[in-house]
Amino acid sequence: AGSRIDEHRELKADAHVSVHNTAGSIQVQAWDKNELLLTGELGDGVEKLEINGDAGNLNIEVKLPKRARNVEDTVLTLRVPAGARMELQGVSADIRVQGVRGVLEVNSVSGDLNLDVGSSEVEAQTVSGEVRLQAPSSKTKISSVSGDVVLRGVQGELRAEAVSGSLQVDGGGVFSEVHVNSISGDVDLGVSLASGAK
């Protein structure tokens, strides 16, 4: 088994936090403290957990050996200030975010994205995985190659793409711009359009 993680760092209320975990999962939950609590477990075979930066800009990365073989999944669980701006990256990693209000950017290659946030701006991308977003976001950009996309509460400007998956949008407000593409999947739009919307 891998080693346990228990790290604390001071963070500003609007800090930028970047997390990179190649395999496993990233779970983020907002709280009312100006600090980071990072727990979880490093997968067996991982080289190290690297944390760099300061209270305004923090980078967390799971480093793998150059010739990584049979590396076990790493589980990262973060508690962050609600106003933090999050940048999350995984390869074969599921990513879940709850409660944050800062700008959110999420990328995974083969993993599901579950995002229930208060962010005004969200960008999320996965290749083989589902995307589920609940947010009042007024600027939203979402894409999935082989996975369903479900968006709720979004408004303003929306760009959403699915290649071999269905796309469902239940808008939470008025839209000024909507761009939707699907190659081989159903599209279900429930949106209110502003006068002169595109």
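The questions and answers below go through a predicted model of one protein chain.

User: How many helices and how many strands are there in the chain?

Analyst: Among the strands are β1 (4–10), β2 (residues 16–31) and β3 (residues 35–41), and β15 (residues 167–182) is a further one. For the chain, the counts are 0 helices and 16 strands.

User: What radius of gyration does the chain have, and what would a compact globule have?

Analyst: The C-alpha trace spans about 55 × 35 × 20 Å along its principal axes. A compact globule with 198 residues would have a radius of gyration near 16 Å, and the value for the chain agrees with this, being 17 Å.

User: What share of the accessible surface of the chain belongs to carbon and sulfur atoms?

Analyst: Of the 198 residues in the chain, 39% are buried. The accessible surface comes to about 9,800 Å², and the share that belongs to carbon and sulfur atoms is 40%.

User: Which residues have the most contacts inside the largest nonpolar core?

Analyst: In soluble globular proteins, nonpolar side chains tend to be buried together. The largest nonpolar core of this chain has 47 residues, and those with the most contacts inside it are Leu78 and Leu88.

User: Which strand gives the most to this core?

Analyst: The core in question is the largest nonpolar one, with 47 residues. The strand that gives the most to it contributes 5 residues, and that strand is β2 (residues 16–31).

User: Which residues does Leu78 touch, not counting residues up to four places away in sequence?

Analyst: Leu78 is one of the residues with the most contacts inside the largest nonpolar core. With residues up to four places away in sequence not counted, Leu78 touches Val17, Val19, Ile26, Gln27, Val28, Gln29, Leu36, Leu37, Leu38 and Ile60.

User: Which residues make the nonpolar surface patch of about 450 Å²?

Analyst: One of its members, Val109, has its place in the loop between β8 (104–108) and β9 (113–116). Val109 is partly exposed because its relative accessible area is 40%, a value above the 30% that patch residues must exceed. The patch is made by Val91, Val109, Val127, Val145, Val163 and Ile183.

User: Is Asp14 buried or exposed?

Analyst: Asp14 has its place in the loop between β1 (4–10) and β2, where it touches Gly83, Ala84 and Arg85 when residues up to four places away in sequence are not counted. Its relative accessible area is 52%, and the cut-off for this class is over 50%, so Asp14 counts as exposed.

User: How far apart in space are Asp14 and Gly165, C-alpha to C-alpha?

Analyst: In sequence, Asp14 and Gly165 are 151 residues apart. In space, their C-alpha to C-alpha distance is 35 Å.

User: Which side chain meets that of Glu41 in a salt bridge?

Analyst: Side chains of opposite charge can pair when their charged atoms come close. The structure holds 6 salt bridges, and in one of them the N to O distance between Glu41 and its partner is 3.7 Å. This pair links distant parts of the chain, with Glu41 in strand β3 (residues 35–41) and the partner in strand β1, 37 residues apart.

User: What is the N to O distance in the salt bridge of Glu7 and Arg9?

Analyst: Glu7 counts as partly exposed at 28% relative accessibility, and Arg9 likewise counts as partly exposed, at 29%. Their side chains meet in a salt bridge with an N to O distance of 3.0 Å.

User: With which residue does Glu177 form a salt bridge?

Analyst: The closest N and O atoms of the pair are 4.0 Å apart. Glu177 lies in strand β15 (residues 167–182) and its partner in strand β14 (residues 156–162), so the pair ties together parts that are 18 residues apart in sequence. Glu177 is partly exposed, with a relative accessible area of 23%, and the partner also counts as partly exposed, at 43%; this partner is Arg159.

User: Which residues does Val180 touch, not counting residues up to four places away in sequence?

Analyst: Val180 has its place in strand β15 and counts as partly exposed at 23% relative accessibility. With residues up to four places away in sequence left out, Val180 touches Ala160, Leu167, Val187 and Leu189.

Terms used: Residues numbered from 1 in each chain as written. Predicted model: local features only at pLDDT ≥ 70, side-chain atom pairs only at ≥ 80, totals over all residues. Heavy atoms only, no water. Patch = residues over 30% accessible without salt bridge, like charges linked within 9 Å, V, L, I, M, F, W, Y side chains within 5 Å. Areas by Shrake-Rupley, 256 points an atom, 1.4 Å probe, with all protein chains shown as cover. Helix = DSSP H or I, 4+ residues; strand = E, 2+ residues; numbered from the N terminus. Buried < 20%, exposed > 50% of the residue type's maximum accessible area, 1.4 Å probe, protein only. Rg over C-alpha atoms; globule rule 2.2 N^0.38 Å. Core = buried A, V, L, I, M, F, W, Y, C linked by side-chain atoms within 4.5 Å. Contact = heavy atoms within 4.5 Å.
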